[in-house]
Amino acid sequence: GRLMSGKRKASALDAALAKFQKVQQQSAQIQIDAANTREKSSAGAKAERLKAMAEAEAAERRERERAAQSNAPREPPRNVPNSILMKQKRVLDLLNTTRANFTVAELHNELGFSCSDPELWDMLIHNPKIQQGVHERRTRMEPTISYKPKHVFEGRREMLELVTKMHDGVLMDDVTDAYPGAVDDCEALIAEGLVLMLTNAETRERVLYPVDEQYECEVDDDMATLFHAVPIPEHDNEFDAALRKVGHEPAPRRAARPTGHDSDDEGGGRKRARAKKKRKVNFERMKVTNAHLPELFKGLENITALDQHGASSHKAK
């Protein structure tokens with residue numbers, strides 16, 4: 001009997017201990033959940049505070065920008081061209097200056113007129129100095145246009161490489177059109193003797209040629225003296241005659257525009273004085289109010305002019 005009562009007491013004790021442990025676990029889980037809840041609420045509150053601060057800063061920034069725009073001097077109205085050719089030139093000048101890609105909306109903002117007109121847009125995309133591209137937006141692709149140089153390169157080194165490949169020469173205007181500042185790089189290469197620049201006698205276009213080392217040779221002083229001792233005719237016609245005499249046809253020259261000045265041989269560059277031909281007064285075409293007094297018009301055959309006061313000037317006999 002005592003053994004059975006001892007077993008019942010041990011079983012009751014184990015049950016009480018198990019119940020206590022379960023209650024402890026539940027209490028610990030409640031505390032953990034409460035801590036997680038507090039942490040989440042704290043993080044949420046912090047995020048809300050940060051969002052409110054960002055919105056306040058954005059509102060303040062917009063207000064400052066609005067105030068600055070209202071206080072800024074108004075831009076003068078843009079001179080919008082009416083001709084479609086002038087609009088194309090404005091677009092081409094903008095693309096050449098900026099060397100950037102522009103959408104239709106961006107062109108409108110920069111130039112003050114819309115380029116969405118089908119005729120104008122067709123002219124732009126078929127212009128040999130304009131190239132097309134695509135700008136990727138969030139939900140769509142927008143067409144863009146940009147400046148298109150004939151030769152694509154960047155920097156003085158690549159410019160020298162291009163000219164070196166062109167054994168027959170390349171137009172200087174095409175080379176300097178590659179990028180902003182190409183003119184300075186090209187002039188520097190010419191000054192350093194790395195490329196040659198010659199002017200076409202007919203078109204007056206400047207052409208760049210590479211320097212070929214196989215044509216470079218040393219000349220002694222005697223040969224140089226003989227070369228400089230050859231007389232060169234001073235005037236163009238005499239020079240052309242000397243070339244034909246040795247069997248060479250001179251290159252054609254472009255006619256010089258008349259400057260209205262004498263040559264140095266004929267007048268030291270003085271301006272020609274044109275003799276102004278005096279014209280007699282035609283009294284037949286004048287409205288005469290006192291024609292009933294013919295004696296007043298006697299001796300007027302030698303009058304050459306009348307001034308604004310009616311005074312006459314006579315021709316000397």
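Analyst: A salt bridge is a side-chain nitrogen of Lys or Arg within 4 Å of a carboxyl oxygen of Asp or Glu. By that rule, this structure holds ten of them. It's a predicted model, so local features need pLDDT of at least 70 and side-chain atom pairs count only at pLDDT 80 or more, while totals for chains, interfaces and linings use all residues. Residues are numbered from 1 along each chain as its sequence is written, and side-chain values use heavy atoms, with hydrogens and water left out.

User: What makes Lys89 and Asp93 a salt bridge?

Analyst: Their side chains come to 2.8 Å, N to O, and that is within the limit, so the pair qualifies. Lys89 and Asp93 sit four residues apart in helix H2 (residues 84-98), so about one helical turn separates them. Helices here are DSSP runs of H or I with at least four residues, strands are E runs of at least two, and both are numbered from the N terminus.

User: Why is Lys89 called partly exposed?

Analyst: Look at its relative accessibility, which is 45%. Under 20% is buried, over 50% is exposed, and partly exposed is in between (1.4 Å probe, protein chains only). So Lys89 lands in the middle class, and Asp93, at 35%, is partly exposed too.

User: How do you know which class Glu161 and Arg157 belong to?

Analyst: Glu161 has 37%, so it's partly exposed. Arg157 has 55%, so that one is exposed. The two side chains meet in a salt bridge of 2.8 Å, N to O, and both residues lie in helix H5, four residues apart, about one turn. Elsewhere, salt bridges that share partners join Arg99, Lys129 and Asp177 into one network.

User: What makes Glu192 and Arg156 a salt bridge?

Analyst: The closest N and O atoms are 3.5 Å apart, and that is within the limit, so it counts. This one links distant parts of the chain: Glu192 is in the loop between H7 and E4, Arg156 is in helix H5, and they're 36 residues apart. Arg156 is at 35% relative accessibility, so it is partly exposed.

User: Why is the pair of Phe153 and Tyr179 called edge-to-face?

Analyst: It's the one aromatic pair in the structure. The ring centres of Phe153 and Tyr179 are 5.8 Å apart and the planes stand at 90°, so it is edge-to-face. The rule: rings of Phe, Tyr and Trp (its six-membered ring) pair if their centres lie within 6.5 Å, with planes under 30 degrees apart stacked, over 60 edge-to-face and the rest tilted. Phe153 is in the loop between strand E2 (141-147) and helix H5 (156-165), and Tyr179 in the loop between H6 (172-176) and H7 (182-191), so the pair ties together parts 26 residues apart in sequence.

User: Are Phe153 and Tyr179 buried or exposed?

Analyst: Both are buried. In the protein chain, buried residues make up 16% of the 317 residues.

User: How do you know that E4 and E5 pair?

Analyst: Strands pair if DSSP finds at least two bridges between them. Strand E4 (residues 195-199) and strand E5 (residues 206-210) have five bridges, in the antiparallel sense. One example is Leu196, whose bridge partner in E5 is Tyr209. Six residues lie between the strands of this hairpin, where Arg204 takes a positive phi near 65°.
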